[in-house]
2 protein chains.
Amino acid sequence: MNVEPSWDFYRSFITVLKQGSLSAAARELGLTQPTIGRHIDALEGAVGAQLFIRSSNGLLPTDIALDLQPYAETLATTVNAFLRTGSSRRDKVEGTVRISASEVIGIEVLPPIIADLQEAYPLLQVELSASDTLEDLMNREADIAVRMAEPQQDALLIRRIGDIPLGFHAHRRYLERHGTPQTMAELSDHRIIGFDRQTAYIRMMRRLYPAVDELAASFRTSNHLAHLAGIRAGIGIGICQTGLARPGSDLVHILADEFDIPLGTWVAMHESLKTSPRCRVTFDALVKGLLNYIKSCKETRA
Amino acid sequence: MNVEPSWDFYRSFITVLKQGSLSAAARELGLTQPTIGRHIDALEGAVGAQLFIRSSNGLLPTDIALDLQPYAETLATTVNAFLRTGSSRRDKVEGTVRISASEVIGIEVLPPIIADLQEAYPLLQVELSASDTLEDLMNREADIAVRMAEPQQDALLIRRIGDIPLGFHAHRRYLERHGTPQTMAELSDHRIIGFDRQTAYIRMMRRLYPAVDELAASFRTSNHLAHLAGIRAGIGIGICQTGLARPGSDLVHILADEFDIPLGTWVAMHESLKTSPRCRVTFDALVKGLLNYIKSCKETRA
DNA sequence: TCATCGATATACATAATTGTATGAACGTCG
DNA sequence: CGACGTTCATACAATTATGTATATCGATGA
C-alpha cells in the first residue's frame with residue numbers, strides 16, 4: 001500500500017488474461033515467464049486479492065480478474081490511441097484514424113466509403129471498430145464515431161447526416177414461396193425474424209406499431225448482422241435498411257407504405273481533433289459518403 | 001520501434017504535464033528527477049516528436065503533448081478505477097463508488113442523497129465527478145452516471161427517473177424592484193440571464209419557444225452554476241430547476257404556466273456492476289433520492 | 001506405463017533501471 | 001548586483017528488475 005504499482009503490471013495482467021498463461025504472455029510481450037509471474041504476484045499484492053488460480057496448464061482468472069478485465073482493456077486501447085496520435089505528423093494526411101460504427105453500418109455501408117477515401121489519401125490507415133455492444137463512444141478509443149443517436153456530450157463536433165430509412169424486407173425466394181404480404185395484418189401469417197434485445201429503436205417501434213411487437217418470431221437474434229443474414233437466407237421477413245435492397249441483392253422491400261421509422265444518423269468526433277488533417281479528411285469523407293448512401297436508400301425505395 | 005515503451009512512461013508524462021517540471025513530477029511519484037527525465041526522453045523517442053520544451057524553470061508542453069493529454073488522463077483515471085474495483089471486497093458494502101453527474105445536479109441535488117446513503121453504509125466512500133464538459137460517460141471512469149439524456153449504449157442498466165421541471169426564476173429582491181412579468185412577452189422588459197453554449201436542451205427550447213431566443217441577455221454564461229448564481233444574486237431572470245426554489249431560498253418561479261420544458265433524467269450503470277453490492281446500493285439510493293427530488297419539484301410548483 | 005511437452009516455481013547471474021552527487025543556467029529578491 | 005532557490009543535464013554508483021537454468025508438476029499419447 002506504500003507505493004503505486006508499476007503501470008506495466010496492467011499490461012502483463014491483460015496479456016495473461018488474453019493468453020491464458022504466463023509463458024504465452026511472456027512470449028507476446030517479449031519478456032520471460034518469471035517476470036510476468038512476478039508482475040502478477042505484485043498486482044495481487046496491490047489489490048489484496050487473488051487474480052488467477054495457478055495450475056500446471058495455465059492461469060485461470062478469478063471472478064475479480066474478470067471484473068477488472070474491462071479496465072485493463074481500456075488501458076490497452078488508450079495506450080494504442082496515445083501512440084497512434086503521438087506518432088502521426090499533424091500536418092499531413094497520414095497515420096491511423098480509428099472509426100467506430102455499428103456492425104451493420106461498419107460492414108455493409110462503410111467499406112466502399114473507406115475505399116474511396118484511401119484512394120485519395122494512400123498514406124491514410126483506417127481502423128474500423130464495428131461493434132454494437134461495446135460502443136466505445138468517444139472516450140478517445142475511437143477518433144470518429146458513426147452513431148444512430150444524437151451524441152449528448154458537448155465538446156464534440158457533430159454532424160447530422162439524416163435518416164436512414166428502415167423497412168420490412170425478405171428474400172425474393174421466400175416471397176415466391178410464401179407470397180408477399182400487402183398489409184401489416186398479413187404479417188402474422190409469415191415467418192418473422194425478431195430481435196432479442198431491447199434497444200431505443202425497438203422501444204420506439206413498439207410504441208408506434210404495437211402490432212409488430214405481438215408477432216411471433218420464428219428466428220430471433222440480438223445480433224443485427226445475424227438478423228440480416230437471416231433475411232438474406234430466406235428464413236423470413238425482417239427489418240433492415242432499405243439501402244441494402246439494391247438491385248442484384250435479391251432483397252425485396254415490402255410494406256413500404258405501411259411501416260416507416262427512420263433511423264437518425266450522426267457522425268461525431270472530438271472538437272480537438274478537427275485540427276488534425278487526417279481526422280478532418282476522414283470526417284468529411286464519412287459525412288459525404290453517408291449522405292450519398294441515404295440518397296441511394298431513398299432512390300431504391302421509389 | 002522495436003519494443004513497446006513501458007506504460008510507466010505515461011504515468012510520468014501525465015505527472016510532468018500536471019506539475020510542469022521534472023522535479024515536481026519526481027516528488028509526486030516518489031522517484032527522482034533524472035528518472036523522470038529519462039522517461040520523457042524515451043517517450044519522445046517512441047512517438048518521434050518533441051513533447052516538452054525544456055527550460056531552466058520547468059518543462060513547457062508542445063502542442064503534441066497537449067493533444068496527448070486527454071489520453072494520458074484516461075489512463076490515470078482507469079488505473080484508479082482498476083485499483084478501486086480490485087481492492088474492494090465484493091461481498092460487502094464498502095470501498096469507493098464514483099458517481100458522474102452534471103454540475104447543477106452534483107452540487108445542488110445529490111449531496112443530501114449521498115449523505116443519507118453514507119448514513120446507512122458508513123464504510124461506503126463516494127467520489128463525485130460533477131462536470132458538464134468532460135461528461136466521462138461510462139467508460140468505466142465512473143461507476144454510475146446521472147444523465148439528462150437517455151443513454152444509448154446497450155449493456156447498461158438504465159433507470160428512467162422522470163422529468164425534472166425547469167422554469168424561469170428570479171430572486172425575490174429582483175422582482176420587488178423590477179416587477180414580476182405575467183406573460184412571456186413582458187420578458188423583453190427585463191434583465192435576462194442567457195446561455196452561451198448550444199446544448200440539446202437549448203435547441204429544444206429554441207424550437208418550442210422561439211421568442212425566448214430573441215431576448216437580449218444582459219448576463220451570459222456557459223456555466224450552469226454561474227447561471228444559477230446569477231439568478232440567486234438578483235442579476236435578472238434565468239432558467240433553473242423548479243426544485244431549487246424551495247421555501248427559504250428566496251427564489252421565485254415565474255411564468256409557471258407559460259413555459260414548460262421538462263428535463264428527462266436517467267440513472268445508468270454498467271450491467272456488470274449490478275453484482276457489486278456497493279454499486280447496487282448506490283444506484284438504488286440515487287434512483288430513490290432523485291424520485292423524491294422530482295416529487296418535491298412538483299410540490300414546489302403547485 | 002513411460003516418455004514428452006507444456007505449464008509454473010525457484011535459485012542465481014546478469015543487465016537495466018534507478019538513485020546520488022554535482023555542475024550549469026535561469027529567475028527572484030533583497 | 002550578488003546570493004539564493006529553482007530548474008535541467010550529466011557521470012558514476014547502487015539497487016532493482018530481468019533473464020537463464022533447472023526442478024517439479026500434470027496432461028497427453030504411443
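Helix 3 of chain A, together with helix 2 (22-29), helix 3, strand 1 (52-55) and strand 2 (58-61) of chain B, each supply at least two residues of the surface near DNA strand D; helices (H or I, at least four residues) and strands (E, at least two) are DSSP runs, numbered from the N terminus, and a residue is near a molecule or strand if one of its heavy atoms lies within 4 Å of it. This is a predicted model, in which local features need pLDDT of at least 70 and side-chain atom pairs count only at pLDDT 80 or more, while totals for chains, interfaces and linings use all residues. Residues are numbered from 1 along each chain as its sequence is written, chains are lettered from A and ligands numbered from 1 in the order in which they are written, and side-chain values use heavy atoms, with hydrogens and water left out.

Around DNA strand D there are 20 residues, of which the closest are T35(A), S56(A), L22(B), S23(B) and S56(B). Helix 3 of chain A contributes the most to this surface, with four residues. Sorted by class, the surface near DNA strand D has five nonpolar, twelve polar and three charged residues, where Ala, Val, Leu, Ile, Met, Phe, Trp, Tyr, Cys and Pro count as nonpolar, Asp, Glu, Lys and Arg as charged, and the others, Gly among them, as polar. Of the atoms of DNA strand D within 4 Å of the protein, 67% belong to sugar or phosphate, and the rest belong to bases.

The elements that give two or more residues to the surface near DNA strand C are helix 2 (22-29), helix 3 (33-47), strand 1 (52-55) and strand 2 (58-61) of chain A, together with helix 3 (33-47) of chain B. Helix 3 of chain B provides the largest share, four residues.

Turning to the protein itself, chain A is divided into domain 1 (8-83), domain 2 (88-158 + 266-301) and domain 3 (166-261), with bounds that come from an automatic or database domain assignment. The C-alpha centres of domain 2 and domain 3 of chain A lie 28 Å apart, and twelve residues of domain 2 are in contact with 16 residues of domain 3, contact meaning heavy atoms within 4.5 Å.

In chain A, three strands form an open, antiparallel sheet in the order 10-7-11, where two strands pair if DSSP finds at least two bridges between them. Its edge strands, each pairing on one side only, are strand 10 (238-241) and strand 11 (251-254) of chain A. Strand 7 (residues 166-171) of chain A is joined to strand 10 of chain A by four bridges, and G167(A) stands opposite C240(A) in strand 10.

In chain B, an open sheet of five strands has the order 4-3-5-12-6 and mixed pairing. Strand 6 of chain B pairs with strand 12 (residues 263-270) of chain B over eight bridges in the antiparallel sense, and R159(B) stands opposite V267(B) in strand 12 of chain B.
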